[in-house]
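Subject: Structure for you to look at

Hello,

Below is the structure I promised to pass on. Please open it beside this email and follow along, as the notes come after it.

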Amino acid sequence: MDIHYLINGKADQGMQNQGGQMDKPVSFHFLESMLPKAVKRRVHALKRLQVQCANIEAKFYEEVHELERKYAALYQPLFDKRRDIVTGTVEPTDEECEWQSDREEEEELAEAVKEKATIEDAKKEETTPVEDPKGIPEFWITIFKSVDMLSDMLQEHDEPILKHLKDIQVKFSEPGQPMSFTLEFHFEPNGFFNNAVLTKVYKMKSEPDASEPFNFEGPEIIDCEGCQIDWHKGKDVTVKTIKKKQKHKGRGTVRTVTKQVPNDSFFNFFNPVKASPDGEMDEDSEFTLATDFEIGHFFRERIIPRAVLYFTGEALEDDESVGVHRNTRLYMDSKSLMVLFLYLFAV
């Protein structure tokens, strides 16, 4: 029996029932069992080669991670300048503020709005002094509200706190260390907690699973670790106080008991569900953890590098037009491909 006959001949006919309807597809285990012994032996040899390919691919992604870490150091001065402009620490020069738009209609509209604003400002100057806002007010919270994935986490009581968020950075693991990246949320002094920086570490692996080596598709987030938030007294938005009446079984008296229960908040992001060492988790926990991985990856690959475009809404249009792949696996995006391209030409 040759392979073509097995796939397109009698084996296919066996997949139909008497009514002509297709039954479940024949499993690859069944197909493999139907191969002649000599052919099956050679297929096993090919599988061993495929495992070796997966191991090489894992090393490839490790090198991509190192390149990403290297280029992150080149991006950082630009991100630091962005932070300084957002917070008002630095005022950009006229030259740095020049921006040529290729959309004539937008330019005309902007000019009309500018003229109208100038007239309105002149009127205001007659009655009240002009206040020049510092930096770019509510830069990050505007992004949070604009992105569905983040706005779903955002509660009204989170907003006053996030107004103090001045920067978000990503840091990669050092050479020789297990693969990971850390999200750093930098806050100005505020009346809610003492931390200057809140962190979230995402641990990754880039190696095929010994039990399922053919499922390897690149680096994968496998766990995450938050940080302890040093809340000021009465300011912890991740819990809420409730009062409950309890009746004494013996005496019949009623008393009021006060206790704290979990509360929905963005800041639960820093107290994530932990991955089970044995892989056994209930469905809700698995979903929560997978969502957390998606959010961490989204911060790293989209929000942090393209923050201004999410602030203006331009990146939202791009996400809708091309579709953003949401998965716990870290597939190579355009940035990683560009880094690889530069590396290949450098060598």
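A salt bridge is counted when a side-chain nitrogen of Lys or Arg lies within 4 Å of a carboxyl oxygen of Asp or Glu. This is a predicted model, so local features need pLDDT of at least 70 and side-chain atom pairs count only at pLDDT 80 or more, while totals for chains, interfaces and linings use all residues. Residues are numbered from 1 along each chain as its sequence is written, and side-chain values use heavy atoms, with hydrogens and water left out.

Salt bridges

Side chains of opposite charge can pair when their charged atoms come close. A search of the whole structure finds 13 salt bridges. One of them joins E184 and K171, with the closest N and O atoms 3.4 Å apart. This pair links distant parts of the chain: E184 is in strand β2 (residues 180-187) and K171 is in strand β1, 13 residues apart. Helices (H or I, at least four residues) and strands (E, at least two) are DSSP runs, numbered from the N terminus.

Is E184 buried or exposed? E184 is buried, with a relative accessible area of 15%, whereas K171 counts as partly exposed at 34%. Here, buried means under 20% relative accessible area, exposed means over 50%, and partly exposed is in between (1.4 Å probe, protein chains only).

The side chains of R69 and E66 also meet in a salt bridge, at 3.2 Å from N to O. R69 and E66 are three residues apart in helix α4 (residues 37-87), so about one helical turn separates them. R69 is partly exposed at 24% relative accessibility, and E66 is partly exposed at 28%.

E138 is partly exposed, with a relative accessible area of 38%, and K163 is partly exposed, with 44%.

There is also a network of salt bridges, which links E68, R300 and E301.

A backbone angle

Most residues other than glycine have a negative phi, and most peptide bonds are trans. What is the phi of E138 near? The phi of E138 is near 55 degrees, a positive value in a residue other than glycine.

Aromatic rings

A pair of aromatic rings is described by the distance of the centres and the angle of the planes. Rings of Phe, Tyr and Trp (its six-membered ring) pair if their centres lie within 6.5 Å; planes under 30 degrees apart count as stacked, over 60 as edge-to-face and the rest as tilted. By this rule the count comes to 23 aromatic pairs. In one of them, the rings of W231 and F267 have their centres 5.7 Å apart and their planes at 80 degrees, so the pair is edge-to-face. The pair links distant parts of the chain, 36 residues apart: W231 is in the loop between β4 (220-225) and β5 (239-247), and F267 is in the loop between β6 and α10. W231 and F267 are both buried.

F269 and F299 form a tilted aromatic pair, with 6.0 Å from centre to centre and 50 degrees between the planes. F269 lies in the loop between β6 and α10 and F299 in helix α10, so this pair ties together parts that are 30 residues apart in sequence. F269 is buried at 4% relative accessibility, and F299 is buried at 0%.

Ring pairs link F144, F185, F187, F193, W231, F266, F267, F269, F270 and F299 into a cluster.

One more site

E280 lies in the loop between β6 (254-262) and α10 (283-303). E280 is exposed, with a relative accessible area of 62%.

Regards
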